[in-house]
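Biologist: Hi! Please walk me through this model, one piece at a time.

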Amino acid sequence: MRPKRFLSLPVLAVLLLMMFVYYTTIFVFIDGSFDLQSSNGTFNAAIFTILASFSVFSFFVCVLSDPGHVPSSYVPDVEGQGSAKDNAERKKCDKCYGYKPPRTHHCRVCKKCVLKMDHHCLWINNCVGYWNYKAFFVFTSYATLASIHSMVMYGTMAIGLTTTLLTLFGWHVYLTLHNMTTIEYYEGKRAKWLAMKSGQSYRHPFNISPYKNITSVLGPNILKWLCPTAVSHLKEGVSFPTLRDSS
């Protein structure tokens, strides 16, 4: 049952932290600085409440969403005999014993293969993959904005949290602009090193263009970019356009 994912100390810690930050920001710092009954106090409380609410909603989507499992009917598109079939066999997971689509990795914690796996996140007790990566990205966006707003009231007390969230958000902005996952980033570093040793160059095969990279994650409708459940643009997650396709 997916609700059982909330029965995890790290997940409960995140929820308690969000509740603590919300309470102290609204009822201690905003009320103390402006008075909640004043126009400035009401405005700041409303803005922070909206950001905090979307943060919590996005967090719930991250926890409860399936990150993406390999369809049981999936088989690599292999034609002919010999080396092509041997190559298909090499794409089998040595733990699940099923075929792995491109960008799929086996999670040792979840004990299954995850489509376009980014990482297993302790704080959501779930993998971040093809189906919930947008929710994770949107969560970091709202949480960062809420933390910045809170820091204006908190001052130096919220710098640590804000710096951490800004770093996380900036990292995933970079990954999204280059259409890569955290796993692919480190795989790419090794691939670049090997290419340099042989006098060649390497470019991430799924990095088509910044705009197409962004829309592949957030969707083509900019009005839905910050909605964590707007994922109708996602397909099966077993194939992805590459540089070779666009050339």
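Biologist: Where is the place of Lys111?
Modeller: Lys111 sits in the loop between E1 and E2. Those labels are DSSP runs numbered from the N terminus: helices (H or I) have at least four residues, strands (E) at least two. This is a predicted model, where local features need pLDDT of at least 70 and side-chain atom pairs count only at pLDDT 80 or more, while totals for chains, interfaces and linings use all residues. Residues are numbered from 1 along each chain as its sequence is written, and side-chain values use heavy atoms, with hydrogens and water left out.

Biologist: Okay, and what is the phi of Lys111 near?
Modeller: Near 60°, which is a positive value in a residue other than glycine.

Biologist: Is Lys111 buried or exposed?
Modeller: Lys111 counts as exposed because its relative accessible area is 63%. The cut-offs are under 20% for buried, over 50% for exposed and partly exposed in between, using a 1.4 Å probe and protein chains only.

Biologist: What about the phi of Asn125?
Modeller: Asn125 has a positive phi as well, near 50°, and again the residue is not glycine. Look for Asn125 in the loop between strand E3 (119-121) and strand E4 (126-128). With a relative accessible area of 29%, Asn125 is partly exposed.

Biologist: Let's zoom out. How many helices and strands are there?
Modeller: The protein has 8 helices and 4 strands. Their order from the N terminus is α-α-α-β-β-β-β-α-α-α-α-α. The C-alpha atoms fill a box of roughly 75 × 45 × 35 Å along the principal axes, and 43% of the 247 residues are buried.

Biologist: At what angle do H2 and H4 pack?
Modeller: Helix H2 (residues 39-64) and helix H4 (residues 133-154) pack at about 150°, with their axes 8 Å apart. So H2 is roughly antiparallel to H4. Angles run from 0 to 180 degrees between N-to-C directions, with axes fitted to C-alpha atoms over the stretch in contact. Under 35 degrees is roughly parallel, over 145 roughly antiparallel, 65 to 115 roughly perpendicular, and the rest oblique.

Biologist: New topic: how many salt bridges does a search of the whole structure find?
Modeller: The search finds 3. A salt bridge here is a side-chain nitrogen of Lys or Arg within 4 Å of a carboxyl oxygen of Asp or Glu. One of them joins the side chains of Asp66 and Lys112, at 3.8 Å from N to O. Asp66 is in the loop between H2 and helix H3 (83-90), and Lys112 is in strand E2 (residues 112-114), so the pair ties together parts 46 residues apart in sequence.

Biologist: Is Asp66 buried or exposed?
Modeller: Asp66 is buried, at 16% relative accessible area, while Lys112 is partly exposed at 27%.

Biologist: Which residue does Lys95 form a salt bridge with?
Modeller: With Asp94, and their closest N and O atoms are 3.5 Å apart. Asp94 is exposed, at 57% relative accessibility.

Biologist: What do Arg103 and Glu184 meet in?
Modeller: Their side chains meet in a salt bridge, 2.7 Å from N to O. This pair links distant parts of the chain, 81 residues apart: Arg103 is in the loop between H3 and strand E1 (105-107), and Glu184 is in helix H6 (residues 182-197). Both Arg103 and Glu184 are buried.

Biologist: Last one: where is Leu17 found?
Modeller: Leu17 belongs to helix H1 (residues 9-34), and at 41% relative accessibility Leu17 is partly exposed.
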